[in-house]
Amino acid sequence: MNDRLAPGGCDSLALESVRGIAAYQTGKPIAELSRETGISEADIVKLASNENPLGMSPSAIAAAAGALGELARYPDGAGFDLKAALSAKFTLHPSQIVLGNGSNDVLDIVGRVFLGPGSSAVYSQHAFAVYGLVCQTVGATRIEVPARDYGHDLDAMRAAIRPDTRVVWIANPNNPTGTLLAPDAVREFIFSLPEHVVAVLDEAYTEYLEPSQRSDSLAWVNEHPRLLVTRTLAKIYGLAGLRVGFGVGAPVLIDLCNRVRQPFNVNSIALAAAVAALGDDDFVARSAAANREGMAQMRAGLDALGVPYIPSAANFVAVEVGDAATVNAGLLKHGVIVRPVAGYGMPRHLRVSIGLPHENQRFLDVLATLLGRAQN
Ligand SMILES: *Cc1c(COP(=O)(O)O)cnc(C)c1O
């Protein structure tokens, strides 16, 4: 149904900034492709949303089930237990933590605290799409800085800051490129920002990094009053469907975020499961190891096919397939769901999440067929 032009419709009543928004493209659900193609759900491989192919920690599943009996009550809006678990795990004070319905929610909260008409935000070309969407939602000006080798050009980003800039977004590693900035470079950049700017360091994939690649960013918030680090339980912790993430910053910054946060933004099941997930270091280690092996498999397979890709530090890889729309259509027809990234200014790439070995192989095999190449 399209009532856009119907007389009396509300399109013309909406804010100009909102009318310009192209809605976020999510990975196609397995059930949807099954309905469209008749391929059974069991035969479909989804490598489109950077989910954990190992699922979630057994203890998190048990905790989620244990929360079912109390669902008639509102969740703890302050998230006491989860903040306590995060404080203990990361050596924080609960006043330094804001919880989100996914870290996406935290990014949105930042926009509503610091951005609006008359202000601007800086981020990189090919960066996570939500930064631009948040700006548009609140009517702030988007300053997208050309990338360097698909990654953030920090010097150019610093130079792009204007007097009206209030937020600089940094994704490390970035989605959908998988590019990584060195810890020293990130720190130097953040601490060199002018006092009228808040730095948001989005670390959704940090748990996949080798220790030497990891920034000590949660400690930086003790030294920097305008830094917010965001993390999520949706990726390596495997809680994507429950929607829980968090931001860490100075108590004043966190207090501002809590003023605009929906009072019950994280539900009871998510709160309970997140506490358990944070306690299962073994599951996280197994997930990181599986990703390392899957990434090696994917890279070796792509190398064998002679298909270029952007080296990735995360749990996905942007593969340069040429005419990505056509290749994507072919993959779907064979029951393989990946993520087109034309909306990120990358019409020649597809973003492929690292899955289980047989899922990665299925992608590689179908890709070889579509590109008409023998694997050597
Ligand atoms: C997946 C992702 C997020 C947010 O995920 P949530 O599910 O909302 O926690 C944030 N930033 C980046 C770069 C991501 O890829």
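**Figure 1. Glutamate 320 pairs with arginine 348 in this predicted model.** Their side chains form a salt bridge (a side-chain nitrogen of Lys or Arg within 4 Å of a carboxyl oxygen of Asp or Glu), and here the N to O distance is 3.2 Å. Glutamate 320 sits in strand 10 (residues 316–320), while arginine 348 is in the loop between strand 12 (339–340) and strand 13 (349–353), so the contact ties together parts 28 residues apart in sequence. Helices (H or I, at least four residues) and strands (E, at least two) are DSSP runs, numbered from the N terminus. Both partners are partly exposed: glutamate 320 has a relative accessible area of 26%, and arginine 348 has 45%. On that scale, buried means under 20% relative accessible area, exposed over 50%, and partly exposed in between (1.4 Å probe, protein chains only).

**Figure 2. Arginine 187 meets glutamate 223 in a salt bridge.** The closest N and O atoms are 2.9 Å apart. This pair links distant parts of the chain, with arginine 187 in helix 8 (residues 183–191) and glutamate 223 in the loop between helix 9 (217–220) and strand 7 (227–232), 36 residues apart. Arginine 187 is partly exposed at 29%, and so is glutamate 223 at 46%.

**Figure 3. Arginine 158 and aspartate 155 form a salt bridge within a helix.** The N to O distance is 3.2 Å. The two are 3 residues apart in helix 7 (residues 154–160), which means about one helical turn separates them. Arginine 158 is partly exposed, at 25% relative accessibility.

**Figure 4. Residues around the ligand include Ser103, Asn175 and Arg243.** Residues count as around it if a heavy atom lies within 4 Å. By class, this shell has 4 nonpolar, 5 polar and 3 charged residues; Ala, Val, Leu, Ile, Met, Phe, Trp, Tyr, Cys and Pro count as nonpolar, Asp, Glu, Lys and Arg as charged, and the others, Gly among them, as polar. A backbone N or O atom of serine 103 is 2.7 Å from a ligand oxygen. A side-chain N or O atom of asparagine 175 also lies 2.7 Å from an oxygen of the ligand, and for the arginine 243 side chain the distance is 2.8 Å. Taken alone the ligand exposes 380 Å² (Shrake-Rupley, 1.4 Å probe), and the protein buries 93% of that.

**Notes on the numbers.** Residues are numbered from 1 along each chain as its sequence is written, and side-chain values use heavy atoms, leaving out hydrogens and water. Local features need pLDDT of at least 70 and side-chain atom pairs count only at pLDDT 80 or more, whereas totals for chains, interfaces and linings use all residues.

Technical notes
Polar contact = N/O pair within 3.5 Å; in protein donor to acceptor, adjacent residues only side chain to side chain.
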